[in-house]
Amino acid sequence: MTITTIAAVAAVALAVAFAQGVAGFGFALLAVPALAVLLPVKEAVVLSTLVGAASSSYQAALLRTSIDRIRARRYLWGSLAGAPIGFALFRLASPDVLRAVVGIAVLGGTVVVARAASGEGVRPVLDRSMGFV
């Protein structure tokens, strides 16, 4: 890996962490597609997971009194259901399949964010499905 790639990856991580700090979520939604341009998709997913977990943990500790616990629980249950499937997909799928799955997840996340921003609100099933993804 060249110094230019390392600098680009660091810039992506910084920009995405800033966006998460402003929006309160979305690290992987933004980081994986951007990192997949710079790195092999499997490395992008692992790096995004590690940096996103650190960033989210810090943010959760900092803002623990403001967490919508009902919504957080929905995301948690969805993620617990999706994690084994995601791990199997990560281990067995080709990079092209992973890119397609990332693209679909980004589109789904965009729909959820757009609905929430428009004031339509997000139904609990969408919270769970985004946790699953």
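In which helix is serine 48 found? I found serine 48 in helix 3, residues 41–62. Helices here are DSSP runs (H or I, at least four residues), numbered from the N terminus.

**Ground rules**

I am working on a predicted model, where local features need pLDDT of at least 70, side-chain atom pairs count only at pLDDT 80 or more, and totals for chains, interfaces and linings use all residues. Residues are numbered from 1 along each chain as its sequence is written, and side-chain values use heavy atoms, with hydrogens and water left out.

**Serine 48**

Serine 48 is buried, at a relative accessible area of 2%. The cut-offs are under 20% for buried, over 50% for exposed, and partly exposed in between (1.4 Å probe, protein chains only). I then listed its contacts, leaving aside neighbours within four places in sequence. Serine 48 is in contact with Phe27, Ala28, Ala31, Val32, Leu35 and Ala53. Contact means heavy atoms within 4.5 Å.

I turned to the packing of whole helices. Two packed helices are described by the angle between their axes and the distance between the axes. Axes are lines fitted to C-alpha atoms, for helices over the stretch in contact, and angles run from 0 to 180 degrees between N-to-C directions.

Helix 2 and helix 3 pack at about 145°, and their axes are 9 Å apart. From helix 2, the contact uses Phe27, Ala28, Ala31, Val32, Leu35 and Ala36; from helix 3, it uses Val41, Ala44, Val45, Leu47, Ser48, Val51 and Gly52. I sorted the residues of this contact: 11 are nonpolar, two polar and none charged. Nonpolar covers Ala, Val, Leu, Ile, Met, Phe, Trp, Tyr, Cys and Pro; charged covers Asp, Glu, Lys and Arg; the others, Gly among them, count as polar. The crossing of helix 2 and helix 3 is right-handed. A crossing is right-handed if the near helix is turned clockwise from the far one by less than a right angle, and left-handed if anticlockwise.

**Helix 1 against helix 2**

At what angle do the axes of helix 1 and helix 2 cross? I read roughly 165° for helix 1 (residues 3–23) and helix 2 (residues 27–38), with the axes coming within 9 Å. Helix 1 is therefore roughly antiparallel to helix 2. The classes are under 35 degrees for roughly parallel, over 145 for roughly antiparallel, 65 to 115 for roughly perpendicular, and oblique for the rest. The crossing of helix 1 and helix 2 is right-handed.

Helix 1 brings Thr5, Ala8, Val9, Val12, Ala13, Val16, Ala17, Ala19 and Gln20 to meet Phe27, Leu30, Ala31, Ala34, Leu35 and Leu38 of helix 2.

Leucine 38 is partly exposed, at 33% relative accessible area. Not counting residues up to four places away in sequence, leucine 38 touches Thr5, Ala8, Val9 and Val12. Leucine 38 and threonine 5 are 33 residues apart in sequence, yet 6.7 Å apart in space, C-alpha to C-alpha.

**Helix 1 against helix 3**

The axes of helix 1 and helix 3 come within 11 Å and cross at roughly 35°. I logged this crossing of helix 1 and helix 3 as right-handed. Val9, Ala13, Ala17, Gln20 and Gly21 of helix 1 meet Leu47, Val51, Ser55, Ser56 and Gln59 of helix 3. The residues of the contact of helix 1 with helix 3 split into five nonpolar, five polar and no charged.

**Salt bridge**

How many salt bridges are there? I count one, taking a side-chain nitrogen of Lys or Arg within 4 Å of a carboxyl oxygen of Asp or Glu. Arginine 99 pairs with aspartate 96, the closest N and O atoms being 3.1 Å apart. Both lie in helix 5 (residues 95–117), three residues apart, about one turn of the helix. Arginine 99 is partly exposed at 40% relative accessible area, whereas aspartate 96 counts as exposed at 58%.

I looked up leucine 126 in helix 6 (residues 124–132). Leaving aside neighbours within four places in sequence, leucine 126 is in contact with Val112 and Arg115. I found alanine 72 in helix 4 (residues 69–92). Alanine 72 is partly exposed, at 34% relative accessibility. The C-alpha atoms of leucine 126 and alanine 72 are separated by 12 Å.

Methods:
Helix = DSSP H or I, 4+ residues; strand = E, 2+ residues; numbered from the N terminus.
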